[in-house]
Amino acid sequence: MSTTRTIPDRLQSPLQRNLKSWETLLLLVAVGIFILNSFASPYFLDPWNLSDATFNFTEKAMIAFAMALLIISGEIDLSVASIIALASTAMGFAVQMGFGTPALVMVGLGVGLVCGAFNGVLVTRFGLPSIVVTIGTMSLFRGISYIVLGDQAFRGYPIDFAFFGQGYVWWIISFELALFGVLAVIFGVLLHKTNFGRAVYAIGNNPVAAAFSGIRVARVKFILFLLTGLMSGVAAICLTSRLGSTRPSIAMGWELEIVTMVVLGGVSILGGAGTIPGVVLAAFIMGLVTFGLGLLNVPGIVMSIVIGALLISVIALPRLWEKWKTR
Amino acid sequence: MIRRAIASREMILLGAIVLLLGVIYTRFPGFVAPNNLIRVFNDTSPLILLAIGQMIVILTRCIDLSVAANLALTGMVVAMLNAAMPDLPIIAIVILAMGLGALLGMVNGVLVWKLQIPPIVVTLGTMTIFRGLIFVLSEGRWVNSHQMSAAFKAFPRSTVLGLPMLSWFAILAVILFTVIMSRTTLGRAVYAVGGNPHAATYTGLDVGRTQFWAFTISGALAGLTGYLWVSRYAVAYVDIAGGFELDVVAACVIGGISIAGGVGTVAGALLGALFLGVIKNALPVVNVSPFWQMAISGAAIIIAVAFNARANRTRGRIILKRAEHAT
Amino acid sequence: MQAVAPPTAPEGARTDPILALDGVTKIFPGVKALSDVALRLYPGQVTALVGENGAGKSTVVKILTGIYQPDGGQILLDGQPVSFATAQDAASAGVTAIHQETVLFDDLSVAENIYLGHAPRTRLGLIDTRAMIAKAAKILASIGAHMDPTVRLRDLGIANKHLVAIARALSVDARIVIMDEPTAALSHKEIQELYDLVEKLKAQGKAILFISHKFDEIFRIADRYTVFRDGQFIGDGLITDVTESDLVKMMVGRAVDQIFPDRQRLGGTEILRVVGYDHPTEFADINFTLHRGEILGFYGLVGAGRSELMQALFGITRPSKGVVRIDDKVRVIRSPAEAVAQGIVYVPEDRGKQGAITSLPIFQNITLPSLRRTSRNGFLRLAEEFRLARDYTSRLDLRAASLDTELGTLSGGNQQKVVIAKWLATRPKVIILDEPTKGIDIGSKAAVHEFMAELAAQGLAVIMVSSEIPEILGMSDRVVVMREGRIVDILDHDNLTPETLVRRAAGIEDGADQ
């Protein structure tokens, strides 16, 4: 008992570990698809086309960042696309009331926060399973949009409101792309460099032990639902601005693409593991695939096969490989 | 005993449905007329069929979000088959639909069983893949009424003992699965696997295999409903029953089937489906826009899950002598 | 000297074993859990399987019940080699097990629990519910458990659940009954009843494999013993041929008298005073004080309310009445976070669920409650974290490849050291250790004990909840004895004897018997 051995801090440097990670594989895949695309279509490498392509994923990725944190903590929010619909409807309603762009932004963010808080209260205060709660609010939020709009649409957004979805910051860098970059950094720092992020991992790995370690589990989870709602509000502003109109069917089915993006990014659907760089790369990959198939005139619905297959195979392939290896 | 405890919950739901009908009766007595109730039941039959399958899946701690897509794909396949081979007997079509549905369910089941991929991920993926496949198969075209044979379309409407075939299928499924769930080894296994998977393994039950069969049953019922759906509405296209999987999950949650697995009955699924069916059919009667339906079913899910959670709260261990009870 | 020994033959050597393991080996990735082990179970006899945690006992149980398949060697049933590919195979060969944790189904009825997988059928092949209930009632009656077989398991108490588990084991016509620490969750009286049951089973000629950590139990009911160490077969024989210290010697490979560190009693000032603590269901009328430099033992039977009281002190549950004074100031503790802020920390009994976050690296486990100190403005500083982790792990003599290693890859003893280090790193005033050495090897045990003494010597106040009498006697300055949610006595170290402890905890009046 007297021999005190010193334990090294690490066996591998962070760099070594990163090189062997899921993110590296994603990066290779992204580069591969990029090269493939550039051979497949002469239009692909045009900077403006590439810039346009980013709209495929920027709005979804904004929500995916918050969703990644939520899934790492062991919860999920399937109502995000419905929050977009409700926030967009509320903004459309505000336009009819004669409000200007600043007020519209506040309305969009506010509705997102309120919806997130509603989910958060139901999950953390009443202890209900988030998957059922958000399947419920998924119907409820979009249902309210349908009650308000029916088969109508809101239009007539102010001219300056168009900047969020159609404006450019510099050359081919759209406002959305810039926002995507800023949010990626913010969420990356939040998850990987702060106490809050560490708490999220701890909760996702073992919520009981995390609570026993003095972490306020309910509060952290509530904040995550709030964040997810807020990001849905942000996405609602961008999407509404880009489309210039609101229908209750806006962003229908996005929750699946967002969850796919998060899972493809290496986040464990069971919670406890995942990184923001992974989600960023997954967003690029999904954008590139969609864009590439679009250039090849493949219809959107067929892309959904690719997305679905991607979702299953990114989880299945490593497991198949494990099975095959241990055989 | 298990069924006794849950019976009370089902009685509450039954009471709620009767109350609902009573309220409607005060304003629109015609809604409660036997003929109309038969119509409502017939209209709810597809939901009942799918809810029973979903219930079995949920009992084993899984979820099947691909049921509606399975329904649509199977429906499209049999519709195209009928268009190409109008002379194929209906019985063959029914068997084929169930077989194909079961096969699609097995795909889910195998991925969950053999690769331990979380069911929500698997079925989110297969859901989009199945929808995409319909498009690929049909090249985006509809199969319309005039392409279907008369027998094909007439079958679900043909009446036996005053009830349409569609209703009979639902009734048959309710009876069959009540027996299976309470009186067969498979039924016991489903409850055991969902109630305590760890203990089930020790009892010699294969958790994964049981889940596989649950998905297969859910798929077979979805396939059957696929044929009944396209023949009843006399049309097949990519988006039929879009989003219907949420109604199915809603029916289960409202019916008291615990998303945590192991708790729920066929009667619960039936009543949950009927509750939604009555609301859906009553809305136009009481002059409420059908656009309210989505929000109402969302609210119903949230209320039901909150209610179930309250009823299911487990008591703590009781140590103090004065509070101890003799069993 | 007869040719055929009667089933209850006291000497097993003349009877052939019903079931035997011969040279069985089981390999997991990176670990050889069993290496060439032997085990023989004789009819009408209880064989105790003895070994430290990690000796391979649970692996043997899982092989015998068909959960695992051996990688080498064979299982012999009546001398014939058999293979148990599934739990079903083992059950139909007549092997049944009562497991450590209750592996039952809360939402099924008692009868369904007993007959799951082998329910009586009607002619149509459906489950015959009526026959099932009747047969279940009969089995329950035969073991003296009087309960309604149609009642939902969820509505039963822990002891009754255990009886259902036993009834389930008996419902299959078993020849071999495995009892894996069957007394862990039972009270004194229930353990007696279990012993009676074991005698009954022996009389029926069943072979019983009895796994226990408690030597008094082993010597009370076992006929034979088998000792494993680190996955290897060490020896077996008749229990009458060995002494307790022989068995311990075989278990650990060397003669060990459990030695507790010598301690000076400090007599420090009062730090914690609990006054009139009440909880609606778990405990009542709790009053005690705790001093700096003191180790206060909490002894009682399992389920006496000790852990529940500690969790209330730590803010996990809330008492309905009563006050906590820390340094003579009334403090309200509503959450673990507040407890930590007040300098009270709790090392829980259930390490896997409540203590360790096994999938996170060691250093992150240690710094989790101290992040506020290692970070700046909410941002992590890894260098600080490693420094803190290095500091406390070296004090506890942790063995690990690196501080970045996943906690789950360490042995139980080393995991416990990390959990303790995690709490010490918060610089607490009061540390509550709930069964601190449960399920860890003897080497780690001694290290934890030594460290506890060192902490107390430095002026930390220690509360140690323990069900092990030697530990309570060897470590505590004073002992609080609890029974059924109440404090029945607070004993000073000088008046402590094992007998008084057991009598107080079990509620036996002085001079009532013996």
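Let me start where two chains meet: the contact takes 37 residues from chain B and 39 residues from chain A, where two residues are in contact if their C-beta atoms, placed from the backbone, lie within 7 Å. This is a predicted model, in which local features need pLDDT of at least 70 and side-chain atom pairs count only at pLDDT 80 or more, while totals for chains, interfaces and linings use all residues. Residues are numbered from 1 along each chain as its sequence is written, and chains are lettered from A in the order in which they are written.

On the side of chain B that touches chain A, the elements giving two or more residues are α4 (90-115), α5 (119-138), α11 (244-254) and α13 (292-312) of chain B. Helices here are DSSP runs of H or I, at least four residues, numbered from the N terminus. Of these elements, α5(B) gives the most, with 13 residues. That side of chain B divides into 28 nonpolar, eight polar and one charged. Ala, Val, Leu, Ile, Met, Phe, Trp, Tyr, Cys and Pro count as nonpolar, Asp, Glu, Lys and Arg as charged, and the others, Gly among them, as polar.

Now chain A. Which angle do the axes of α4 and α9 of chain A make? Helix α4 (residues 58-72) and helix α9 (residues 175-193) of chain A cross at roughly 10°, and their axes come within 9 Å. That makes α4(A) roughly parallel to α9(A), a label for angles under 35 degrees. Residues making the contact include A:F65 and A:L69 of α4(A), and A:F180 and A:F187 of α9(A). The residues of this contact divide into 10 nonpolar, one polar and two charged.

Next, the core. The largest nonpolar core has 369 residues, and A:I84 and C:V462 have the most contacts inside it. Such a core is a set of buried Ala, Val, Leu, Ile, Met, Phe, Trp, Tyr and Cys residues joined through C-beta atoms within 7 Å. Beyond its neighbours within four places in sequence, C:V462 is in contact with residues including C:I295, C:L433 and C:M452.

Last, C:I469, which lies in helix α17 (residues 469-475) of chain C. C:I469 and C:P498 are 29 residues apart in sequence, yet 6.6 Å apart in space, C-alpha to C-alpha.

Definitions and conventions:
A residue is buried if 20 or more other C-beta atoms lie within 10 Å of its own, exposed if 12 or fewer, and partly exposed in between; C-beta atoms are placed from the backbone. Axes are lines fitted to C-alpha atoms, for helices over the stretch in contact, and angles run from 0 to 180 degrees between N-to-C directions. Angles under 35 degrees count as roughly parallel, over 145 as roughly antiparallel, 65 to 115 as roughly perpendicular and the rest as oblique.
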